[in-house]
Amino acid sequence: MAWCFGVLTLAGLCLGLVVLYHQLLTSSLFCIKDIDNIELDGAKRLSRSLVLEQAKVGPGASLLAIRPGQVERALMAHPWIAKAEVSRKWPQSLHLKIQERDPVALVQFGEELLYMDRQGMIFKPLSPGDPHNFPVITGLTPEQFRASGRGPAPGGDPGLPIDGRAEKNPPPLNLENISEIHVDLERGFTLYANGVGVGLDLGLQEYSEKLQKFAQLWPVLVQKGLLSKINRINLNYPHRALVT
């Protein structure tokens, strides 16, 4: 008899907790009352309305029902969002923090162009209306891109002759001026830039030193009026450049 009474008491307690939890879920005390109660940090390219739509949260949602991990995964399913952090601010606010991808180049596979970010990750095809003023990487198939290490690499180094330093290069080899980076798995990289008119062979390493070498060579070529007579500049030699 005492055993049955204990079971009934436990069942009643569990039922009471379920009812209490349901009451809390539907209580306005822990619900997001207004869109302004959702804080958003890190959105630059993406609009606030698009991020909230991607997160699937809005006024009326209960903080108790929101699962931060689930919202983070929903946000990172968007191709422009690299990272997301979601935290509940009791009793009625939600904080979303995102990190947008930072594209540095477009990779050409056949007729298709795809964005590549600073970590060497290809994350979406170029669509109508997307910004397209980035260098285009040519010469590789998708399989070669992955196998050659030009994709995601340890330490976030995509293995390309463009990085944060390229943004500070003086013209004509500043990042905005570079139009194409052609890849040959044996010969290395050939750089094409607006205003240069010829290919710059860089090989497969020591890009900074070679670009500094070109920065010293370029004004000499301009001053002597030799640009129209040059077909190619090979910088893949120590302490010198081969101009043909």
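In strand 3, Leu96 is the bridge partner of Val86. The model is a predicted one, in which local features need pLDDT of at least 70 and side-chain atom pairs count only at pLDDT 80 or more, while totals for chains, interfaces and linings use all residues. Residues are numbered from 1 along each chain as its sequence is written, and side-chain values use heavy atoms, with hydrogens and water left out. Helices (H or I, at least four residues) and strands (E, at least two) are DSSP runs numbered from the N terminus, and two strands are taken to pair if DSSP finds at least two bridges between them.

The pairing of strand 2 and strand 3 (residues 93-100) is antiparallel and extends over eight bridges. Ser87 has His95 of strand 3 as its bridge partner. A hairpin with three residues connects strand 2 to strand 3. Strand 3 also pairs with strand 1; these two run parallel and are joined by four bridges. Here Glu39 has His95 in strand 3 as its bridge partner. Strands of a sheet pair through backbone hydrogen bonds, either parallel or antiparallel.

Together these three strands make an open sheet with the order 1-3-2 and mixed pairing. Strand 1 (38-41) and strand 2 (81-89) are at the edges with a single partner strand each, so one side of each has no neighbour in the sheet. Direction ignored, neighbouring strands of this sheet are turned by 15 degrees against each other on average. Angles run from 0 to 180 degrees between N-to-C directions, and axes are lines fitted to C-alpha atoms, for helices over the stretch in contact. Strand 3 is mostly covered, with six of its eight residues buried; buried means under 20% relative accessible area, exposed over 50%, and partly exposed in between (1.4 Å probe, protein chains only).

Helix 3 (residues 68-76) lies across strand 2 and strand 3 and runs at about 150 degrees to strand 2. Contact is defined by heavy atoms within 4.5 Å. In strand 3, the bridge partner of Ser87 is, as noted, His95. Helix 2 (residues 48-55) packs on the sheet and touches strand 1 and strand 3, its direction making about 115 degrees with that of strand 1.

Gln54 is located in helix 2. Leaving aside neighbours within four places in sequence, Gln54 is in contact with Ala74, Leu75, Ala77 and His78. A polar atom of the Gln54 side chain lies 2.8 Å from the backbone oxygen of Ala74.

Ile38 belongs to strand 1. Ile38 counts as buried because its relative accessibility is 1%. Not counting residues up to four places away in sequence, Ile38 touches Ile32, Arg48, Leu52, Val57, Gly58, Leu94 and Leu96. Ile38 and Leu94 are 56 residues apart in sequence, with a C-alpha to C-alpha separation of 4.8 Å in space.

A further open sheet is formed by nine strands in the order 6-5-4-7-8-9-10-11-12, with mixed pairing. Strand 6 (122-125) and strand 12 (240-243) stand at its edges; each has a single partner strand, so one side of each lacks a neighbour in the sheet. From one strand to the next, the twist averages 25 degrees. Strand 5 (residues 112-117) pairs with strand 6 in the antiparallel sense over three bridges, and Met116 is opposite Ile122 of strand 6. Helix 5 (residues 207-223) lies across strand 9 (188-193), strand 10 (199-203), strand 11 (232-237) and strand 12, and runs at about 140 degrees to strand 11.

Overall, the protein chain contains five helices and 12 strands. Of its 244 residues, 37% count as buried. Of the contacts between residues at least 6 apart in sequence, 49% join residues at least 24 apart.

The pLDDT, the predictor's confidence in each residue from 0 to 100, averages 82 over the protein chain, and 80% of the residues score at least 70. Over residues 15-24 the pLDDT stays under 50, and the model has five contacts beyond four places in sequence for them. The pLDDT is also below 50 over residues 152-158, a stretch with 13 contacts in the model beyond near neighbours in sequence. Where pLDDT is low, the predicted coordinates should not be read in detail.

Conventions
Polar contact = N/O pair within 3.5 Å; in protein donor to acceptor, adjacent residues only side chain to side chain.
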